[in-house]
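Here are a few notes to read beside the structure. Take the points in order, and keep the 3D view open as you go.

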Number of protein chains: 2
Amino acid sequence: MDASVTAAVEVREQGRLALPPDMPDRGSGRRMLANALRVLAIDAVEAANSGHPGMPMGMADIAEALWRRHLRHNPADPRWPDRDRFVLSNGHGSMLLYALLHLTGYDLPMEELRRFRQLGSRTPGHPEYGVTPGVETTTGPLGQGLANAVGMALAERLLAAEFNKPGYRIVDHRTFCFVGDGCLMEGISHEACSLAGTLGLEKLVVFYDDNGISIDGPVSGWFTDDTPRRFEAYGWRVLREVDGHDAYALDAAIDEALTSCGKPTLICCQTVIGCGSPSRAGSADVHGAPLGAAEVTETRAALGWASPPFVLPEEVRAGWDARRRGAAAQADWQARFDAYADAHPSAAAEFLRRMQGELPESFAAAVDAWIATVAERAESMATRKASQQSIRMLASLLPELLGGSADLTGSNLTDWPGSGGRHLHYGVREFGMAAVMNGLALHGGIIPFGGTFLAFSDYARNGLRLSALMGLRVVHVFTHDGIGLGEDGPTHQPVEHAASLRLMPNLDVWRPCDVLETAIAWRAAVERLDGPTALLLSRQTLPAQQGADRVRDAARGGYVLTDDGKPDVVLIATGSEVPIAMEARLLLIHRGIAARVVSMPCCEVFERQDPAWRRTVLPDGVPRLAVEAGATGLWRATVGLDGDVVGLDRYGESAPAPDLYRHFGITADAVADRAQRLCLPQS
Amino acid sequence: MDASVTAAVEVREQGRLALPPDMPDRGSGRRMLANALRVLAIDAVEAANSGHPGMPMGMADIAEALWRRHLRHNPADPRWPDRDRFVLSNGHGSMLLYALLHLTGYDLPMEELRRFRQLGSRTPGHPEYGVTPGVETTTGPLGQGLANAVGMALAERLLAAEFNKPGYRIVDHRTFCFVGDGCLMEGISHEACSLAGTLGLEKLVVFYDDNGISIDGPVSGWFTDDTPRRFEAYGWRVLREVDGHDAYALDAAIDEALTSCGKPTLICCQTVIGCGSPSRAGSADVHGAPLGAAEVTETRAALGWASPPFVLPEEVRAGWDARRRGAAAQADWQARFDAYADAHPSAAAEFLRRMQGELPESFAAAVDAWIATVAERAESMATRKASQQSIRMLASLLPELLGGSADLTGSNLTDWPGSGGRHLHYGVREFGMAAVMNGLALHGGIIPFGGTFLAFSDYARNGLRLSALMGLRVVHVFTHDGIGLGEDGPTHQPVEHAASLRLMPNLDVWRPCDVLETAIAWRAAVERLDGPTALLLSRQTLPAQQGADRVRDAARGGYVLTDDGKPDVVLIATGSEVPIAMEARLLLIHRGIAARVVSMPCCEVFERQDPAWRRTVLPDGVPRLAVEAGATGLWRATVGLDGDVVGLDRYGESAPAPDLYRHFGITADAVADRAQRLCLPQS
């Protein structure tokens with residue numbers, strides 16, 4: 001079972017040299033510039049006594065070729081809308097990116113490189129969006145950066161189609177991405193790259209760091225794909241066997257990749273991991289641990305590098321400085337954009353609004369009016385259907401909304417009449433969809449939403465986590481949100497999912513009970529600037545609830561839906577279980593018990609309200625009973641140990657929905673009985 | 001963005017016929033036998049008024065060819081160890097499998113088919129392991145059945161290598177799997193099939209239902225892979241363009257697939273979804289909804305099917321009945337096994353023990369003795385290191401243990417000295433690993449465990465869910481279980497993961513605090529017969545705790561670690577936070593407060609103890625404070641609203657571990673302060 005080292009890898013290992021003999025420098029000094037990346041990575045990892053030197057040393061020549069010769073960016077303005085995007089999907093090689101950002105002139109001083117991986121530095125262990133200028137996305141969880149890059153390239157294409165005008169190309173940039181073996185082993189690479197091939201995203205260029213090594217050693221024991229053939233099967237252009245240490249070969253490959261062919265391009269770069277380290281190059285030892293003082297000295301000697309740690313020769317600084325070139329590139333674009341703005345002023349203003357992520361000025365009033373109508377009409381419908389109505393309304397106000405579904409369009413109801421190209425069929429690719437949506441949001445100009453069944457949020461979970469960690473405005477439409485989906489059975493019935501999503505920091509989870517709460521949830525999702533939202537929606541029809549102040553109150557995440565003066569017990573419910581709580585309240589009236597019903601569509605938003613408000617909803621000293629057809633444990637944070645929860649702590653069954661509610665005892669009778677018990681002092 | 005229907009699909013759509021004109025029957029009656037599957041599927045879906053007729057109608061001819069001519073199975077004994085395994089990865093076509101099981105003679109009477117998708121039937125909406133005899137795995141979440149099949153084929157190979165002897169082949173069966181476009185779009189298909197190619201699992205044969213349709217419509221808009229080329233890139237043998245409605249072409253393809261070539265085989269079967277339905281064949285409409293009475297009548301007419309629903313002509317019954325052939329096949333094997341048992345009695349007994357999933361008789365005593373030694377030595381070490389010690393010990397007693405890691409072997413410490421071929425490098429494929437482990441466990445004879453970082457349990461989450469739903473003995477080794485992993489930062493630091501895993505029904509989650517609890521957790525994991533276990537393990541060294549009765553008590557999931565008579569407050573901690581609670585206790589003594597420390601390595605096991613025991617650990621009326629460096633909400637189920645939780649409800653940071661604990665206030669001082677506040681009545 002153990003890895004048997006193949007001939008190919010043996011050759012590579014025999015070639016463990018400080019620099020492969022066939023690495024021409026041709027006296028241009030480019031090797032020295034690449035070595036600056038190597039040495040900075042080594043020194044920072046050494047200072048932190050942790051980190052990953054192998055990848056930066058292996059990809060340094062590729063980085064030099066791309067960043068110095070081809071990447072169009074302006075270190076003084078990392079938010080320039082038409083910059084090329086660069087994604088380091090193999091994010092453990094973060095020091096490569098930090099070295100590039102420092103050297104080309106971003107606001108990342110050497111002091112930050114010295115503080116690599118220290119608390120509060122701008123150089124965390126893996127690249128983090130929002131922490132370091134020039135970092136386009138948070139990477140580390142393998143494969144997702146690649147999918148983000150697909151999303152960015154898609155955003156570019158959509159915005160170019162929407163905003164470019166004859167004679168004016170204001171959206172015209174590339175997305176470049178570095179990936180390693182790990183990214184390509186992950187399933188998400190299949191999902192994202194298959195989709196990118198179908199979509200023909202020709203401005204996406206991916207560099208595969210084909211070094212034959214992953215953490216466990218030579219990949220021949222566990223990863224023997226013919227990767228070029230695989231990507232050709234996806235409809236990509238593949239440039240095979242490019243010497244990843246020959247800057248001129250890389251230049252030629254990049255030049256070819258930039259020619260139009262209607263396909264994304266994979267450049268397969270043959271590299272030596274840890275290139276430059278006399279003893280460790282070509283081995284897994286160099287992947288994720290400091291070289292150690294002795295080997296650092298040897299490596300410096302092998303590279304002919306005389307400067308002490310964190311000190312750079314002036315010619316290296318000069319060779320890397322991209323500020324003038326970057327400023328000129330942006331100035332050129334700005335002149336073109338100004339001309340565009342003269343010719344198409346409203347399109348230009350709209351473009352800037354979109355890229356800044358601002359909602360239109362008229363948005364709030366229009367949505368207010370619409371929500372008032374929804375409240376007045378009070379139609380009974382499934383909340384997935386209500387969601388579709390919301391989407392249709394919001395899409396008429398927000399051209400930046402881009403819908404999609406992981407091959408459940410007709411079930412998730414993410415498409416809408418008149419969507420006209422603003423809905424994407426992601427295919428059966430939940431994780432890929434989540435990460436592509438992150439890329440769309442990161443690029444800017446688009447607010448993505450995508451649907452699948454709530455049970456399959458599991459497939460996408462780490463993609464949701466990254467949107468929450470990065471604070472991206474992405475909307476996850478999760479329909480069929482409980483046993484109410486019925487006959488498809490336990491594999492398709494979420495039980496623990498609502499609670500487990502609520503545990504994820506910075507994700508707002510809405511489970512609306514009717515058409516009005518759905519509209520309010522959607523409004524909150526698109527108005528939220530600092531994080532993603534999950535909408536948990538019913539398959540089955542839910543009655544519209546009543547209440548004068550619901551438009552105001554529901555936006556606070558939890559509120560009194562109905563009350564009869566001083567309550568004996570508070571029933572707290574969400575989504576499809578709100579009608580059950582309402583029915584239980586009527587039963588309790590007949591038993592002489594006054595029950596308040598609290599609808600709690602979004603625990604996170606409720607938790608952010610001031611404590612005084614929360615106490616008006618959940619008064620101290622009144623017993624609480626939560627009702628939700630799912631895992632009960634987390635509800636104890638609301639009802640305490642003195643309260644009770646009617647829920648479901650086991651997997652569901654395959655049967656019609658009404659049978660299941662009865663079978664599992666999630667009924668008005670059961671709620672009334674349990675509530676009554678809470679009101680009676682134990683004898 | 002919308003799907004543009006390609007020429008290929010157009011051709012197929014033009015060919016929407018009840019039966020494609022080129023479908024030869026050659027008078028053999030095989031078409032009629034296949035039509036029995038079609039009609040049963042239609043009628044059951046119609047009776048349930050929900051379900052998926054399209055796939056069974058499309059794959060009926062393939063099923064006829066495989067099940068009647070090639071599959072070696074015995075309907076009277078679905079547990080026969082050497083049966084061929086059959087996996088329906090596109091599990092929504094469950095009626096195809098139920099029809100096959102009924103017709104070939106399994107204990108699945110027609111009455112059960114009539115109750116398709118009804119509460120308590122043996123014919124749930126998707127195939128469920130343990131519910132229906134002959135169902136080898138639970139499918140429905142797409143792509144996972146395929147990965148299960150990879151695991152089954154791997155189990156066969158490992159057991160054949162271990163148990164077959166010269167002249168005796170007692171393990172010699174195939175694994176067959178049906179997949180659809182959805183399975184092949186899912187990323188897990190990449191992970192599992194890439195691995196299967198590397199491993200050269202030649203007894204795995206996969207039938208691709210290439211019908212060009214997924215739920216959203218013709219796949220040309222979102223799935224344009226050259227799938228044969230993709231699988232060739234994985235090192236598979238691919239049989240292209242097999243007519244999926246020509247039983248003789250299918251026979252020939254299967255014959256070829258059964259020849260040895262050192263590679264798994266993909267048979268690409270071109271089919272028409274819903275084949276037999278005059279109006280709906282070849283369209284997405286037939287995928288997941290009943291045909292309706294009129295179309296059912298039309299379909300019956302087109303198929304020349306005269307029998308009423310759920311009634312079968314006698315010649316159909318006779319043609320399908322596999323009981324005699326199956327009994328003969330098993331008898332033949334039994335005779336060979338008996339001869340093997342004569343020649344190799346201990347190997348034969350061991351094989352039967354392994355396949356029955358029983359532990360060796362000597363196991364309990366040996367483990368008792370070893371755990372006593374662990375308790376006595378009381379070494380301080382990281383629990384991941386303690387886990388490796390446990391593995392080494394258990395592996396010496398249990399040859400069925402098969403380890404592995406998703407390319408983090410040296411970090412997860414899943415390999416052990418002397419493992420000799422009993423450790424698998426899964427590559428960077430967390431989800432694939434989880435689902436392959438499910439397949440290994442389902443096959444029997446192997447207890448699989450596999451490692452990754454806890455943060456990346458997200459990638460594998462639905463695979464864990466299926467092992468929990470199926471009740472499989474699979475052990476998930478999740479190391480680097482919190483901010484204690486330090487510098488890799490928030491992408492790698494689990495915060496919400498422990499709690500979110502605890503929410504998953506039937507998954508036991510252990511987070512041991514030291515070497516002894518780790519040993520006890522491992523023992524519980526391998527002794528557990530009805531579900532999976534997740535072990536959450538520290539990167540950092542943890543001190544050995546003391547206590548006379550810990551060996552007995554820790555096995556109960558939660559227990560008093562230290563106490564000084566009547567406590568003023570109970571500190572409840574897990575894993576790496578237990579030493580912090582212990583230190584806080586000492587601080588509290590100086591403040592005149594008696595704190596009990598409860599170690600709670602496994603909430604689920606503790607919850608299964610009788611209430612009296614639980615009250616001795618957590619006495620009523622004493623305030624409780626939980627300490628765990630993760631999401632706090634779920635701990636309210638233990639401490640209530642009157643208690644407190646020292647935890648972390650935000651994402652981590654990149655920094656050395658001690659800095660992070662200080663930064664986030666998870667320190668003995670903070671715990672002591674918060675505990676003291678709980679003891680003081682609010683003024």
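**Notes for a first look**

1. Strands here are DSSP runs of E with at least two residues, helices are runs of H or I with at least four residues, and both are numbered from the N terminus. Two strands count as paired if DSSP finds at least two bridges between them. Within this pairing, F178(B) stands opposite F207(B) of strand 3 of chain B.

2. A word on the ground rules: this is a predicted model, in which local features need pLDDT of at least 70 and side-chain atom pairs count only at pLDDT 80 or more, while totals for chains, interfaces and linings use all residues. Residues are numbered from 1 along each chain as its sequence is written, chains are lettered from A and ligands numbered from 1 in the order in which they are written, and side-chain values use heavy atoms, with hydrogens and water left out.

3. Now step back to the whole sheet. In chain B, five strands make an open sheet with parallel pairing, in the order 1-2-3-7-6. Strand 1 (85–88) and strand 6 (237–243) of chain B are the edge strands, each pairing on one side only. From one strand to the next, the twist averages 15°.

4. Contact means heavy atoms within 4.5 Å.

5. How are the two chains related? Chain B superposes on chain A by a rotation of 180° with 0.0 Å of shift along the axis (RMSD 0.0 Å). The two copies are therefore related as by a two-fold rotation axis. The superposition is by least squares on the C-alpha atoms of residues with pLDDT of at least 70 in both copies. In chain B, G187(B) comes closest to the rotation axis, at 1.8 Å (C-alpha). Both copies use the same surface, as 100% of the contact residues of chain B recur in chain A.

6. Please look next at S654(A), in the loop between strand 20 (644–646) and helix 27 (657–663) of chain A. Is S654(A) buried or exposed? S654(A) counts as buried, at 3% relative accessibility; buried means under 20% relative accessible area, exposed over 50%, and partly exposed in between (1.4 Å probe, protein chains only). Beyond neighbours within four places in sequence, its contacts include G486(A), P490(A), R117(B) and E128(B). The side chain of S654(A) reaches the backbone oxygen of E487(A) at 2.7 Å, and a polar atom of that side chain lies 2.8 Å from the backbone nitrogen of G125(B).

7. Over all chains, the structure holds 36 aromatic pairs. Rings of Phe, Tyr and Trp (its six-membered ring) pair if their centres lie within 6.5 Å; planes under 30 degrees apart are stacked, over 60 edge-to-face and the rest tilted. One of the pairs is F431(A) with Y459(B), edge-to-face at 5.0 Å centre to centre and 90° between the planes. This pair crosses between chains, from helix 18 (residues 430–443) of chain A to helix 19 (residues 457–470) of chain B. F431(A) is buried at 7% relative accessibility, and Y459(B) is buried at 5%.

8. Finally, visit strand 17 (residues 569–573) of chain A. Five of its five residues are buried, so strand 17 of chain A is largely enclosed by the rest of the structure. V569(A), L571(A) and A573(A) point one way, and V570(A) and I572(A) the other way. Strand 17 of chain A pairs with strand 18 (residues 595–599) of chain A in the parallel sense over five bridges, and I572(A) stands opposite V598(A) in strand 18 of chain A.

Technical notes
Axes fitted to C-alpha atoms, helices over the stretch in contact; angles between N-to-C directions. Polar contact = N/O pair within 3.5 Å; in protein donor to acceptor, adjacent residues only side chain to side chain.
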